[in-house]
Amino acid sequence: MAVETGAKRGKRLSMTSLIDVIFLLLLFFMLTSTFSRFAEIELLASGAKAPVAEPLPRVFLSLRPTGLMLNGVPTTLVDLADAMRGDETTLVLVSLSATTTSQELVDVLAVLRGITNVRPVVMQ
């Protein structure tokens with residue numbers, strides 16, 4: 001009489017079909033995704049040098065939990081757009097508090113982006 005040991009040898013799985021499925025998924029997502037760039041906002045880092053030769057007039061904009069401060073004076077986004085309009089190119093130094101959300105920063109930069117004579121620089 002033959003004695004069985006109880007341990008059965010399992011079938012070996014083929015990796016070929018798994019690789020085919022992964023390849024098809026990769027191909028599908030590459031062909032259906034878009035590679036266009038959405039709205040970009042040009043920024044200069046606080047340590048970067050401005051590419052202009054002459055110094056620009058500067059304005060200090062502070063994003064605080066209490067609201068916006070333009071050169072130490074409380075302001076709103078609408079008033080900010082009106083105050084920044086002019087003929088002279090201005091360098092805007094944007095200071096962020098620790099509690100500033102990314103949405104608040106994007107809102108301010110979107111307003112500044114609409115003004116042609118403004119170059120924002122974000123500082124922490």
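Guide: Two strands pair if DSSP finds at least two bridges between them, strands being E runs of at least two residues and helices H or I runs of at least four, both numbered from the N terminus. This is a predicted model, where local features need pLDDT of at least 70, side-chain atom pairs count only at pLDDT 80 or more, and totals for chains, interfaces and linings use all residues. Residues are numbered from 1 along each chain as its sequence is written, and side-chain values use heavy atoms, without hydrogens and water.

Visitor: What makes S2 and S5 a pair?

Guide: Strand S2 (residues 58-64) and strand S5 (residues 90-96) run parallel, joined by 6 bridges, and the rule asks for at least two. In S5, Leu93 stands opposite Phe60.

Visitor: Which sense do S2 and S3 pair in?

Guide: Antiparallel, over 4 bridges, with S3 covering residues 67-70. Leu63 has Leu68 in S3 as its bridge partner, and the two strands form a hairpin with 2 residues between them.

Visitor: Why is Phe29 called exposed?

Guide: Exposed means over 50% relative accessible area, buried under 20%, partly exposed in between (1.4 Å probe, protein chains only). Phe29 has 51% relative accessibility, so it counts as exposed. Phe28, at 48%, therefore counts as partly exposed.

Visitor: How do you know that the length of H3 agrees with its residue count?

Guide: The expected span is 1.5 Å times one less than the number of residues. For the 12 residues of H3 (residues 102-113) that gives 16 Å, and the end C-alpha atoms are 16 Å apart, so the two agree.
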